[in-house]
Amino acid sequence: MKVALTYPDKTIVFEQKPKPVEKKQEADEEDDEMEEEAEEDVEYEWKLVDGGFAEEHKQSALDSLLRKLDSLQGSDVVDPDKKDEWGLAEPAFTCVVSFKEGKGEDVIIEGGRPDPSTDGYVRVATNSEDLCYKVSKYNFEQLWPKGKDLFDLPTIDAARNDLNRITVQQPEGRMVLVKEDNTWRVEVPAADLDVMTTTIDTLARTLAEFKAEDYADAASDWREGAERRRVTFSTTKDASHVLALGKDSPCLDGVYVKLDGGERVLVMKRSDQDKIFVSPNDLYEHAIFDFSEDDITKLDVQRAEDGFTLERKGDAWTLTVDGESFEAEPDACEDVAAALADLEASEIVFGATALDGDPECTLALTRKGNQTDTILIGARTDERHPLAWSGKAQLFMVDVSDVALIAPVSETLKKPEPAEAEPEDAEEETQDETAATPTVDAEDVEVTIETPEVTIEAPAEPVPAGRPAAKPMLDIPEPPV
C-alpha cells in the first residue's frame with residue numbers, strides 16, 4: 001500500500017489512494033423494468049504523497065520498483081561485522097514497504113553505497129537474521145530510482161549547430177570557444193596549433209543536449225567545498241544558458257548543478273562533466289612538427305657532451321663525432337628520424353613561446369629543399385624537458401624518454417664492426433691437427449663378414465606315427481665381437 005524511499009539528499013513517498021468509480025448495473029432483462037442503480041466501487045491508484053520533483057510521477061518507473069521488490073536478488077553475501085565498509089552502519093538509503101491491513105508488518109530495507117559509481121549493499125533490517133548482501137549497480141538503482149526515471153527533469157533543448165560561443169571557467173584554466181563560418185576556433189587559450197575539432201564538437205553537443213540525471217531537495221550546502229566550475233553558452237537564436245557546478249552527488253556518479261540560476265538543485269552525470277570541463281590542453285593537437293621522417297636529410301646535435309651529426313646520403317647514413325666520420329646503422333638513424341616526425345608534447349605551455357634560460361641541447365635540422373629548423377631543449381624538470389621549435393611560436397613540455405629518442409647517445413648510432421677473423425696461428429694449428437688425422441678412402445677398405453656355424457641336432461627318439469616331427473633346434477653361437 002505504501003513505499004517510502006529515503007536517499008542521502010531527498011525523500012519520496014508513494015501510497016495507494018482510493019478513487020471513486022461509478023458503476024451502472026442493469027436490472028434483470030426478464031423483468032420489463034429497466035432500473036439503474038449507482039453505487040460506489042473502490043479502486044486504488046498510486047499517488048505521490050511526499051517529496052518528489054513534481055506533482056506527477058512516471059508510473060512506469062514505480063512499476064519497475066514494485067517488480068524489483070518482488071524479486072530483489074543479491075549477487076553476494078558480505079560480512080555483517082563490516083557494516084562501516086558497506087555503508088550500512090548508518091545507512092543513507094532506506095526503503096520502507098507497508099502492506100494492506102492484515103497482510104503483514106512493514107519491511108525496512110537499508111542500503112549503502114560507498115562508491116556511487118559501482119555496486120551497492122543492502123540488508124533487511126526487519127529480518128531476525130543479520131545478513132548483508134551485495135547487489136548490482138542496476139538492481140540498486142531499480143530499488144532507489146534516479147530522479148530522471150521518476151519525474152520529468154529540466155533539459156536544454158537546443159540544436160548543437162545553433163551554439164556559437166562557449167565560455168568555460170574552471171581551476172584548470174579558462175576557455176573561450178567561438179564558432180566562425182561553421183568552424184570552432186579557440187579564442188582562449190590561444191596557441192599556434194591545430195584545434196581538436198572532435199573534442200569541441202563533443203563539448204558543444206553535450207551542452208546542447210543536457211538533461212538532468214537526478215535532483216536533490218533544497219540544500220544550501222550544494223556547493224560547499226567544491227571547486228568553482230561554470231559554463232556559459234549562447235546560440236544563434238539569441239538564447240543563453242548557464243550551468244554552475246557544485247559538489248559530488250552522494251546518490252550516483254555525478255555532480256550537483258544549477259541551471260540558469262534556478263533554485264532547484266539538479267545532478268549532472270559524471271560523463272557529461274568530463275566532456276564539458278576538459279583540460280585546455282585537450283583543445284589542441286599535441287603533434288609538434290609538421291614534416292615527415294623522409295624529409296629529414298641532416299641532424300646536428302649540439303650539447304656539452306657527445307655532440308654529433310647525422311647525414312642522409314641516399315639510403316645510407318653517415319655519423320660524424322668530433323670530426324671523425326663513421327658508417328651509421330641505417331635502422332637506428334631511421335628510428336631517430338621517425339621519433340622526430342612523430343614527437344608529441346606531454347603538455348602545451350600556454351602564454352610561453354621560448355625557453356626560460358639557456359638550452360642544454362640544440363638540434364639543427366635540415367630538410368629537403370634546404371629547409372632548416374632549430375629545436376631548443378631546456379633543462380630537465382620532473383621527468384620532462386621544455387622544448388621550443390623555430391617553426392611554431394609555442395613552448396612545449398616533452399617527456400625525458402622522448403628526448404632520448406630524438407637525441408640519443410652517438411655510440412648507439414654507429415654501424416657494428418664486422419666480426420674479427422681468427423688469428424693465423426690458430427688457423428695453422430687447425431690445419432696441423434687436420435693433417436695428423438688419417439684419411440681413409442672407402443675403396444681401400446676390405447670388409448670381412450664372418451658367418452657363424454650352425455649345428456642341427458636330430459631328435460633323440462623316433463617320432464610316433466601321426467605326430468609331426470619336431471622342428472630342428474638351431475644352435476647359433478654368439479657372433480664374434
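Reader: How many helices and strands does the secondary structure of the protein come to?

Author: The model discussed here is predicted. Its secondary structure comprises nine helices and 27 strands.

Reader: Which residue in β8 is the bridge partner of aspartate 76?

Author: Strand β4, residues 76-78, runs antiparallel to strand β8, residues 132-135, and three bridges join the two. Aspartate 76 lies within the range of β4. Its bridge partner in β8 is lysine 134.

Reader: Which residue stands opposite lysine 134 in β8?

Author: Strand β7, which spans residues 120-124, is also antiparallel to β8, and three bridges link them. Opposite lysine 134 stands tyrosine 121.

Reader: Is cysteine 95 buried or exposed?

Author: A residue counts as buried when its relative accessible area is under 20%. For cysteine 95 the relative accessible area is 0%, so this residue is buried.

Reader: Why does cysteine 251 count as buried?

Author: The cut-off for burial is under 20% relative accessible area. Cysteine 251 counts as buried because its relative accessibility is 5%.

Reader: How many disulfides does the structure hold?

Author: A disulfide is a covalent bond between the sulfur atoms of two cysteines. The criterion applied is a pair of cysteine sulfur atoms within 2.5 Å. The number of disulfides in the structure is zero.

Reader: What percentage of the contacts with a separation of 6 or more is accounted for by residues 24 or more positions apart?

Author: The protein has 481 residues, of which 36% are buried. Among contacts with a separation of 6 or more, the share from residues 24 or more positions apart is 59%.

Key. Residues numbered from 1 in each chain as written. Predicted model: local features only at pLDDT ≥ 70, side-chain atom pairs only at ≥ 80, totals over all residues. Heavy atoms only, no water. Pairing = 2+ DSSP bridges. Helix = DSSP H or I, 4+ residues; strand = E, 2+ residues; numbered from the N terminus. Buried < 20%, exposed > 50% of the residue type's maximum accessible area, 1.4 Å probe, protein only. Contact = heavy atoms within 4.5 Å.
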